[in-house]
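Here's a quick briefing to read alongside the model.

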Amino acid sequence: MLNDSVIERIIEAAMSKTADFAEVYEQESESSSVRLLNSRTHDAKSHRGYGVGIRLMSGTNTVYVYTCEKSEEALIKLAKDAADALKGGNPGAIKELEALCRTTPSLIITDPLKVSKKDNIAFLKEASDFALNYDELITQVASSYTTSHKIIRVVNNEGINALEDKSRIRFTLEAVATKGNEKQTGRLAPGSMRGYEFVTEYPMIEKTTECCESAIRMVNAGYAPSGKMPVVIGNGFGGVIFHEACGHALESTSVGIKASCFSDMLGKQIASSVVTARDDARIEGEWGSYMIDDTGRQSSNLLLIENGILKNYLVDDLGARRMGCEPTGCGRRQSFSYAPTSRMSNTYIDNGDSKPEDIIANTEYGLYCTKMGGGSVDTATGEFNFAADEAFMIRNGKVCEPVRGATLIGKGPEILMNIDMVGNDLALSAGMCGSISGSVPVTVGQPTIRVSSILVGGREEN
């Protein structure tokens with residue numbers, strides 16, 4: 001990593017013209033991955049990377065440049081070029097660097113990067129073989145394993161000098177069931193910041209069985225009906241709707257430019273009184289966790305919504321300037337190739353008071369979505385649509401036949417107000433989130449919830 005004196009000279013060069021803020025982001029990374037298709041190795045990769053990003057701000061004007069160069073001469077030239085590109089503002093003083101902040105992945109027992117690809121492939125092959133032989137309807141199995149280790153350092157003219165190790169591990173398996181022209185997929189994709197013991201302790205065959213059963217169940221199911229109805233959404237990855245339809249609209253990326261449906265709503269009711277939600281980047285070992293963000297600030301356990309009242313936004317450095325408030329430690333980026341912006345970490349609706357079985361029993365008729373899939377959302381309006389990967393009809397308070405093809409359609413603000421029951425079975429699920437600062441690891445989550453009325457898109461069988 002660059003030494004302090006070199007970084008100080010880079011910052012001085014960056015602030016030689018009109019910048020009032022300068023930041024150097026340095027990254028060293030290493031990763032390993034394998035992919036299998038129908039138990040055969042599709043590819044196996046290893047990667048090492050290094051890069052430096054330099055960010056300048058003057059008021060709310062910003063310039064970001066990056067390079068893989070490590071020489072002092074090249075970096076100072078890049079900083080001066082960035083300074084020339086920035087207009088407006090006044091040069092700021094460089095504060096004395098604070099003590100270096102370092103956090104290490106204490107939960108790691110076995111370094112995943114030291115485990116051979118042969119062992120990674122054997123782990124995936126056992127599960128793939130099992131799935132392919134589970135039932136004749138399972139026609140394809142895709143699986144993958146990836147682990148990464150990243151060291152980041154962030155130094156700026158305001159005194160931040162922070163360093164953090166970040167290690168993550170994740171694997172996936174998708175089992176495809178085919179019946180005629182119809183295909184349905186069961187999927188698992190756990191992730192963690194633990195070591196390889198996360199893999200060895202994971203009940204892979206049990207979870208692979210669940211994937212196969214889900215795919216078979218859905219390929220044999222009839223179609224979901226259409227219309228407005230109560231919808232019960234299962235715990236865990238069901239939280240993707242909150243993440244997309246509400247979480248993104250609470251980021252200063254959109255709030256700071258008045259492009260969010262929740263702009264100027266602090267202290268106001270935006271959800272039902274049974275809804276409390278958090279963004280907690282400090283959950284030990286969780287996939288979306290970190291101790292410092294990618295601007296060198298300490299992460300936080302941020303209360304977003306309390307009993308329906310909006311308490312906080314997710315605010316990065318630039319958003320703080322636009323909004324006139326303090327950053328919340330949520331500035332994130334995929335790599336040195338991206339400038340940071342406000343992003344979620346581990347974002348979830350917190351536990352309520354209802355038992356999941358009571359939520360079902362109190363629903364006379366409706367849809368029970370046990371597994372959610374992908375979707376889209378417009379943060380300005382809150383409009384969204386999400387597919388249900390697995391769903392069942394509810395009749396007379398009981399879970400009945402499985403149905404496929406269900407899509408949930410609505411607006412985030414309306415759905416939040418229509419949540420009338422929240423379970424006590426909070427679960428979290430790993431995912432990846434894309435935005436203007438690239439793709440970053442996030443966790444979504446919730447307990448079982450009920451939305452009293454939501455539009456379901458589906459169709460009746462011919």
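**Cavity, helix, cysteines and backbone**

Counting those of 30 Å³ or more, there is one cavity. A cavity here is a set of points, on a 1 Å grid over the protein atoms alone, where a 1.4 Å probe fits but cannot get out, and lining residues have an atom within 4 Å of a point. This is a predicted model, so local features need pLDDT of at least 70 and side-chain atom pairs count only at pLDDT 80 or more, while totals for chains, interfaces and linings use all residues. Residues are numbered from 1 along each chain as its sequence is written, and side-chain values use heavy atoms, with hydrogens and water left out.

**The largest cavity**
- The largest cavity holds about 120 Å³ of space, a volume being the space filled by probe spheres set on grid points joined across faces, edges and corners.
- Its lining has 16 residues, and Ile-241, Phe-242, Ile-415, Leu-416 and Ile-419 lie nearest the centre.
- At least two lining residues come from each of α6 (240-247), α10 (412-418) and β24 (449-457), with helices (H or I, at least four residues) and strands (E, at least two) taken as DSSP runs numbered from the N terminus.
- The largest share, four residues, is supplied by α6.
- By class, the lining splits into 13 nonpolar, three polar and no charged residues; Ala, Val, Leu, Ile, Met, Phe, Trp, Tyr, Cys and Pro count as nonpolar, Asp, Glu, Lys and Arg as charged, and the others, Gly among them, as polar.

**Helix α1**
- In α1 (residues 4-14), Val-6, Ile-7, Ile-10, Ile-11, Ala-13 and Ala-14 are buried (under 20% relative accessible area; exposed is over 50%, partly exposed in between, with a 1.4 Å probe and protein chains only).
- They sit on the same side of α1, because they cover an arc of only 160° around the axis, using directions from the helix axis to the C-beta atoms.
- These buried residues pack against β1 (21-37), β2 (40-58), α2 (72-85) and β5 (138-156), contact meaning heavy atoms within 4.5 Å.

**Cysteines**
- There are zero disulfides, a disulfide being a pair of cysteine sulfur atoms within 2.5 Å.
- For Cys-330, the closest cysteine sulfur is in Cys-325, 9.7 Å away and too far for a bond.
- Cys-330 is buried at 1% relative accessibility.

**Positive phi**
- Lys-258 isn't a glycine, yet its phi is positive, near 60°.
- Lys-258 is in the loop between α7 (252-255) and β11 (277-280) and is exposed at 56% relative accessibility.
- Asn-307, also not a glycine, has a positive phi of about 50°.
- Asn-307 lies in the loop between β12 (301-306) and β13 (309-310) and is partly exposed at 46%.

Note on methods:
1 Å grid on protein atoms, 1.4 Å probe; cavity = no way out; pocket = protein on both sides within 12 Å on 5 of 7 lines; lining within 4 Å.
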